Amino acid sequence: MKQNNICFDTLKKECAARGLDPKSIPSFKHILDAEALAARQRQHAEFIHAVTYFFDKFIALLPGIPILATATDKHGYILHMIGDSSIKEMVMKLGIQNGVQMTNEYNGISSVCLALDYQQPVGIVGSQHYHHYLHNAACYSIPIWNRTQNEEIGTLSFMTAVDFAHPLFLSLLMTMKESIERELQLMKQNENLRLLNELIMETTTSGLIVSDKEGNIINVNKAAERMVKQDKQSLLSETAADCPFVGDYLERALSKGLPSTDIERTFTSTSGRETTYLLDVLPIFDQTDTLAGAFAQLRDITQRKETEQMLLNTEKLAAVGQMAASAAHEIRNPLTTIRGFIQLLKPSFFDQEHFNLVLEEIDRINLIISEFLILSKPQATCFGEQNLIQILHDTIALSQPQASMSNVQIIKDFDDPSPIFIHGDGNQLKQVFINLFKNSMDAMPGGGTLSVDVHMNVQGEAIAVVSDKGVGMTNEQLEQLGNPFYTTKKDGTGLGLMITQRILKQHGGSIDVQSTEGKGTTITLRFPVKKEETLKQHE
């Protein structure tokens, strides 16, 4: 930025034409009150900070020279004055102080106004000033810009005694201008990065914990508060080594500069629910590869682990299906022959209990093969409008003989209200309730009560509830319920509930199991009520 020629004689004639007296001390028409000045100083705080920093730095290059630095905004209001106290005291007696506005109209020839008007560095020395009281002063000003937004910020000015006037001051101002503008640009970039970091910290679902190189926790987001079950203030008062779950790994990153990645940590809540986190802890290095701190990231992968378990179960089912499809008939045919010959050999059996036991085990093998076949291939379905009330009546009637033999009383907790129609396959729905009734009766070996209810909820769903007063299940057993081959019964296969879940999925329904050990189990089934639409069947 080069100073163009300015004709001071012309400028002086313009001052005279405006009626300014060169021998007088001009007054300032516009002066900010304390509140307005403070507001503008806050608005330009970074600019003022940069001016102070670089003035102190560059003034050291000019020892013994009295210099006053002045910063103004783009409207000419003085925001900050720093430097030689004698010059500052002198100009303040002339009314030049923080909050006054420098204008050509009232202040004659001013380096501040010319720098703003011409957008170039301006130097006014001695008699080049219009007012005589400034003939002993040399003033230099330069405009300052916001490079990021490409807009004018204000000016930076030097004032010194005319005896010390030198073009070096404009060069010094140019150097300071470059430094200040770069510093302001860097501040803006850092502020943007800070805002971006805060946005990431607060919006990410991962828990983030940041430590400085001394091991002090300096930042924690809300997700981390929730995961480690401590509020931010308590975490900020701790050291990295004491931080729950991640302390050892943060300490390792800070002491050895080594990362720890893909670490699975599983925690059990007071309710018994397991939560699995994937932990990454990385050291932070600055541009000189010096350790600056460390951060830990916790990601909740509980749902992913559950999905993996579901996929594993699906693979097990696929393996079972392939095995069943290839082996079921090969097993069933000789099994039928064996059963027939065993029955022919009944008179020759020495112990009838052994004979009955062999037949029971053969029948049990046949039952397992039947369940394999159900899981191994899609079943032919005949979907239509089904009355859930009637299906329950029919299923209860079918289950009544077994209930009588097991000393179980089946109680219908519903009258015969209006029909509740759902879209589905009647035989498959009966199989669902037969499986549930059988499980409930098996859970009450000494007899008991099996209750059945059906109704509509406020969401318009058909609700069927099957409850018993049997042995119940533990939380651990409930979590395993539905896994292939997992069963709580001595002679069970673990496939009955899987068949039930598969049928419910085909019908767009769901199942919820609530159980308390020693008190019984309640199973709630939900079905969408659709009279005319055809439900999309799931494979």
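A salt bridge is a side-chain nitrogen of Lys or Arg within 4 Å of a carboxyl oxygen of Asp or Glu. In this predicted model, Arg147, Lys177, Glu178 and Glu181 are linked in a network of such bridges.

**Exercise 1. Describe the chain as a whole: how many helices and strands are there, and what share of residues is buried?**

Solution. Start with the elements. The chain has 16 helices and 17 strands. Next, take burial. Of its 539 residues, 41% count as buried. Last, look at contacts between residues at least 6 apart in sequence. Of these, 61% join residues at least 24 apart.

**Exercise 2. Find the partner of Arg299 in a salt bridge, and say which strands the pair ties together.**

Solution. The partner is Asp280, and the closest N and O atoms are 2.6 Å apart. Arg299 lies in strand β10 (residues 291-300) and Asp280 in strand β9 (residues 274-285), so the bridge ties together parts 19 residues apart in sequence. Now check exposure. Buried means under 20% relative accessible area. Asp280 has 10%, so Asp280 is buried. Arg299 has 29%, so Arg299 is partly exposed.

**Exercise 3. Work out which helices are joined by the salt bridge of Asp394 and Lys430.**

Solution. First, the distance: the closest N and O atoms are 3.7 Å apart. Then place each residue. Asp394 sits in helix α13 (residues 388-405) and Lys430 in helix α14 (residues 426-442), so the pair ties together parts 36 residues apart in sequence. Asp394 is partly exposed at 27% relative accessible area. Lys430 is partly exposed too, at 25%.

**Exercise 4. Locate Glu461 and Arg526, and state how many residues apart they are.**

Solution. These two form a salt bridge, with the closest N and O atoms 3.9 Å apart. Glu461 is in strand β15 (residues 461-468) and Arg526 in strand β17 (residues 520-528). They are 65 residues apart, so the pair links distant parts of the chain. Glu461 is partly exposed, at 25%. Arg526 is partly exposed, at 32%.

**Exercise 5. Name the residues of the negative patch and of the nonpolar patch on the surface.**

Solution. Take charge first. Glu274, Glu306, Glu476, Glu479 and Glu517 gather in the negative patch. Glu306 belongs to helix α11 (residues 302-344), and its 44% relative accessibility makes it partly exposed. Now the nonpolar patch. Leu193, Leu196, Leu199 and Ile200 form it, with about 360 Å² of accessible area together. Leu199 is in helix α7 (residues 168-203).

Definitions and conventions: Residues numbered from 1 in each chain as written. Predicted model: local features only at pLDDT ≥ 70, side-chain atom pairs only at ≥ 80, totals over all residues. Heavy atoms only, no water. Patch = residues over 30% accessible without salt bridge, like charges linked within 9 Å, V, L, I, M, F, W, Y side chains within 5 Å. Areas by Shrake-Rupley, 256 points an atom, 1.4 Å probe, with all protein chains shown as cover. Lys, Arg positive; Asp, Glu negative; His and termini not counted. Charge placed at Lys NZ, Arg CZ, Asp CG, Glu CD. Helix = DSSP H or I, 4+ residues; strand = E, 2+ residues; numbered from the N terminus. Buried < 20%, exposed > 50% of the residue type's maximum accessible area, 1.4 Å probe, protein only. Contact = heavy atoms within 4.5 Å.
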